[in-house]
Amino acid sequence: MQLALFQPDQPPNTGTMLRMGACMKTPVHIIEPCGFPFSPKALKRYAMDYADHVDIRHHLDWNSFENHRLQSGARLVLLTTQAATPYCDFQFREDDILIVGSESTGAPEEVHAAADARITIPMSRETRSLNVAVSLAMVLGEALRQTNQFPIGQT
C-alpha cells in the first residue's frame, strides 16, 4: 500500500499524512508543485521527527509520478467526493496507491481519468467534504485491514 498527495497546499495536512506513512510503514508520494516550500528543512518542520521514518517519494510533476506508477504496475485509487463506490465496499489490493487531491481544489480531470478506481466516503448530504488527512486515514485503515498489512511488530 502506498499514499500519494497531489499538489498538497497545506503543510500541516502534509505533515499529518507523512506521519501516518511513517507509523503505517507506507510510502508517501509527494507530487509537485506544492503550495508551500518543499525542501529538507521545510520537511523537518512539517513532519517533525517522523521525517526520518517515512519513505518519501518526491515527483516534480504529475507526468513523472504517472510514469513511475505505470512502470511499477500499481493500481491508482482516487479518494473523491465525485465517486459512487463507498470505500468500505471496495476490494483493495496490496499494491494500491491511494491518492488524494489538493486541499483547496481537489483532483483535476487528468487525475480522475488516470485513476483505475474512484472511491468515496459516505457522509451527510449537508456537508461538502472531509479533511484530506482524515479521509486518507479512514481509507488507509480499511485498505490495510483488508490486505492484512498493518505493521504490527515491524521496526
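Colleague: To begin with the strands, how many bridges join E1 to strand E6, and in which sense do they run, parallel or antiparallel?

Modeller: This is a predicted model. In it, E1 is joined to strand E6 (residues 97-100) by four bridges, and the two run parallel. Within that pairing, glutamine 2 stands opposite isoleucine 97.

Colleague: And how does E1 pair with strand E2?

Modeller: E1 and E2 (residues 28-31) pair over four bridges, in the parallel sense. There, alanine 4 faces histidine 29 of E2.

Colleague: Are the residues of E1 buried or exposed?

Modeller: Strand E1 (residues 2-6) is mostly covered, with five of its five residues buried. Both faces are covered: Gln2, Ala4 and Phe6 lie on one side, Leu3 and Leu5 on the other, and all are buried.

Colleague: What is the phi value of glutamine 7?

Modeller: Glutamine 7 has phi near 45°, which is positive in a residue other than glycine. This glutamine sits in the loop between E1 and helix H1 (11-23).

Colleague: While we are on backbone geometry, which form does the peptide bond from glutamate 32 to proline 33 take, cis or trans?

Modeller: That bond, from glutamate 32 to proline 33, is cis, with omega near 0°. Proline 33 is placed in the loop between E2 and helix H2 (40-47).

Colleague: Changing topic, where does arginine 75 lie?

Modeller: Arginine 75 is in the loop between helix H3 (62-72) and strand E4 (76-79).

Colleague: Why is arginine 75 classed as buried?

Modeller: Arginine 75 is classed as buried because its relative accessible area is 14%, and buried means under 20%.

Colleague: Which side chain makes a polar contact with the side chain of arginine 75?

Modeller: The partner is aspartate 96, whose side chain is joined to that of arginine 75 by a polar contact of 2.7 Å. Setting aside neighbours within four places in sequence, arginine 75 also has contacts that include Arg69, Phe90, Phe92, Ile97 and Asp116.

Colleague: What about alanine 83, which residues does it touch?

Modeller: Not counting residues up to four places away in sequence, alanine 83 touches Arg118, Ile119 and Thr120. Alanine 83 is found in the loop between E4 and strand E5 (85-86), and it is buried, with a relative accessible area of 18%. Its C-alpha atom is separated by 24 Å from that of methionine 20, which is 63 residues apart from it along the chain.

Colleague: Lastly, how much space lies in the largest pocket?

Modeller: The largest pocket holds about 500 Å³ of space. Its lining consists of 24 residues, and Leu79, Thr80, Thr81, Ser129 and Val132 lie nearest the centre.

Colleague: Which strand and which helix each supply at least two residues of that lining?

Modeller: Strand E7 (117-120) and helix H5 (132-147) each supply at least two residues of the lining of the largest pocket.

Colleague: How many of the lining residues are nonpolar, polar and charged?

Modeller: By class, the lining of the largest pocket has 14 polar, eight nonpolar and two charged residues.

Key
Residues are numbered from 1 along each chain as its sequence is written. This is a predicted model: local features need pLDDT of at least 70, side-chain atom pairs count only at pLDDT 80 or more; totals for chains, interfaces and linings use all residues. Side-chain values use heavy atoms; hydrogens and water are left out. On a 1 Å grid over the protein atoms alone, a cavity is a set of points where a 1.4 Å probe fits but cannot get out, and a pocket is an open set with protein on both sides within 12 Å along at least five of seven lines; lining residues have an atom within 4 Å of a point. Grid points are joined across faces, edges and corners, and a volume is the space filled by probe spheres set on the points. Ala, Val, Leu, Ile, Met, Phe, Trp, Tyr, Cys and Pro count as nonpolar, Asp, Glu, Lys and Arg as charged, and the others, Gly among them, as polar. Buried means under 20% relative accessible area, exposed over 50%, partly exposed in between (1.4 Å probe, protein chains only). A polar contact is a pair of N or O atoms within 3.5 Å; within protein, one must be able to donate a hydrogen and the other to accept it, and residues adjacent in sequence count only if both atoms are side-chain atoms. Contact means heavy atoms within 4.5 Å. Two strands pair if DSSP finds at least two bridges between them.
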